[in-house]
Amino acid sequence: VLSALFEVDLTWDSENASSTHDDVTHHHVPFLQLITDPNSLGRLPSAAKYVKTENEIQKLFRELQDLGNIPAASLVLKLSQHKATQRILSNRLSVIWGPPGTGKTYTIALSLLRLIAVERRHDGPQPKIVFITAITHAAIEACRGKLVQLMETYRSIQSLPKNWLDDIQVQVVSKGNDHPPPPRSRSGVYVYAGTIYQLYNFTKRYSMEVDCVIVDEAGQISLGSVSLVIRSLSPQGRIIIAGDSEQLAPILSAQYPLLKSHALFGSILDCLMHSKPVHDDSTHPTSQTLTEADEGGASQGSIVQLTENFRLNHDIGDFVSTIYSHRFTAQKSQKRKLAEGLSIAEGLQLELTALSTELVARVQRFLGLLADAMLKKERAESEEEAKKKGVLLPPAIRLTTPTADESSKIPLTPRPVSLALINLHSWSSQPQSIPYELHVHVEAALAAALVHFLQVCCPNDDVFVATPHRIQREAVKAALAKVTDGDSLEEAFGRLDIGGGNTKPKVTVDTIERLQGSEASFVICLFSVPKSFAADLGFLLERRRLNVAISRAKTMCILISSDEVLCPPVKVLANEATAKGYAFLKAYQQRAWSFYMRLQVEKVL
């Protein structure tokens, strides 16, 4: 990275020596343009005709969709996605701000296909090089795979011209120093997908100009690292940045100064979304102003926010969107079979020797009450009996978004319940306070019990257990190993005859950072501490960490917390970032169905 930045510095010096425009400080070096004046990466001369042609393509696929062509439906962009595509066609710099589940990868992949198709119509076959990169191999493969999938979908539609697709070569660059270069006598489009460092090695070995650089999951990539691929951008090349500023940023090993004009230290996405204008020219407004929306409603200058949500249902989406500038439009609802599945939890008679009887009964009660809430069922039990067994408290803020799709033929829950909170209180018969390590094992046992019953009640659904700390991750893995020891789970599936034979759901236990970018039907988040916890709560109350954990859930999020986190000391909230995280947590608590669970350490472990 330092080498690339030094190269940028030398390039600037050489351009400075020959430049006749003293007022342009970046001298059209792309990386410096990103930092000092993103507006200079603005509208292209071909913008109007490109947008007009793209509108014709969008109209064609929409008409095919209306005629019942199923493949064409997946090639029709939603409203905010279409705005993003037109931004990409019109400008050199595009920032696609995609909150969780809004289809960032789909949007940039289909936008790239539209760009290639439009350029082909206007300019004929031209040699092009496109780079696709991200911080993880999984994100890179997701983008590459989506591009290939959309190409195959296009080919499956009869009567459409397909010759231009044959000129697109999609390759994975796993070893930049050894990967073959594009042929010299080329007229096609070569798309290279790889990590920033492998693409850098690729361009160092073979001198080439890149026509388009796509950076996915840009909220995790440091600004300096991007210089490794931007260095090869052609003079009119496009930069497409996609990510979510409310996801976890790259980990920095030191404290860096906060500059007034630029956000230099952090992710490339943070830099572009939060930088302030470097000039005061009223005729050239900054593209980074997030306080005023343009006519599109979900776009601010070079930044376009995707608002259609394909992962989160109304309940979860309504909550998560509270920290974004525009609300989500949920594309899915909660199915009735979820409530019917959870309703069997209390009637299960499973031999779980690794879990205490008290813990099993509490978890069964909790899941049964959630099912009752979804189905709007009332229990015939006295108030005293209910308090003894446990009461599920309704949220203070009820769901205001639509709860059902009248056109859907799939039965939905009368009352969607997607946010749940377990207030865990671990206690001991011993006078001394419970150490953190012991509390972690109680929390892990609770998580293991929840996972086990979710597996039995909803056997076709994946489950994530998201942990802030690695000690929690290892404790949950150990607890799950005890619970699933032997054939008890398989026997349970056989007895219940649900889930389609030997279908076994996938359970993933990992830290929140490592789960970023993935999703599961159920997500169990572990954010509880004992009274003896003396460490800084700022780590747990980081809003981005909470957001990543909660927004992994497609169907339901179960947050396990404690009074020590839900009601922290006032001094903890003196930090502005921690106060934002706490406000987000309280907003969750107000929207969640809450259950108080008091567990004795000696009985659980």
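Is Cys457 buried or exposed? At 6% relative accessibility, Cys457 counts as buried, where buried stands for under 20% relative accessible area, exposed for over 50%, and partly exposed for values in between (1.4 Å probe, protein chains only).

This is a predicted model, in which local features need pLDDT of at least 70 and side-chain atom pairs count only at pLDDT 80 or more, while totals for chains, interfaces and linings use all residues. Residues are numbered from 1 along each chain as its sequence is written, and side-chain values use heavy atoms, with hydrogens and water left out.

**Cysteines**

The structure holds zero disulfides, a disulfide being a pair of cysteine sulfur atoms within 2.5 Å. For Cys457, the closest cysteine sulfur belongs to Cys458 and is 6.0 Å away, which is too far for a bond. Another cysteine, Cys212, is buried, with a relative accessible area of 3%.

**Salt bridges**

Side chains of opposite charge can pair when their charged atoms come close. The structure holds 22 salt bridges; the term means a side-chain nitrogen of Lys or Arg within 4 Å of a carboxyl oxygen of Asp or Glu. The table lists some of them.

| Salt bridge | N to O distance |
|---|---|
| Glu246 and Arg543 | 2.7 Å |
| Arg311 and Glu519 | 2.8 Å |
| Arg473 and Asp510 | 3.1 Å |

The helices and strands named below are DSSP runs, numbered from the N terminus: helices are H or I with at least four residues, strands are E with at least two.

Glu246 and Arg543 form a salt bridge. Glu246 sits in the loop between β6 (233–243) and α10 (268–274), and Arg543 in helix α19 (residues 543–550), so this pair ties together parts that are 297 residues apart in sequence. Glu246 is buried, at a relative accessible area of 11%.

Arg311 pairs with Glu519. Because Arg311 lies in the loop between β9 (308–309) and α11 (314–320) and Glu519 in the loop between α18 (512–515) and β15 (520–527), the pair ties together parts 208 residues apart in sequence. Arg311 counts as buried at 8% relative accessibility, whereas Glu519, at 38%, counts as partly exposed.

Arg473 and Asp510 also meet in a salt bridge. Arg473 belongs to helix α16 (residues 470–483) and Asp510 to strand β14 (residues 507–511), so the parts tied together are 37 residues apart in sequence. Both Arg473 and Asp510 are buried. Through salt bridges that share partners, Arg473, Glu474, Asp510 and Arg514 are joined into one network.
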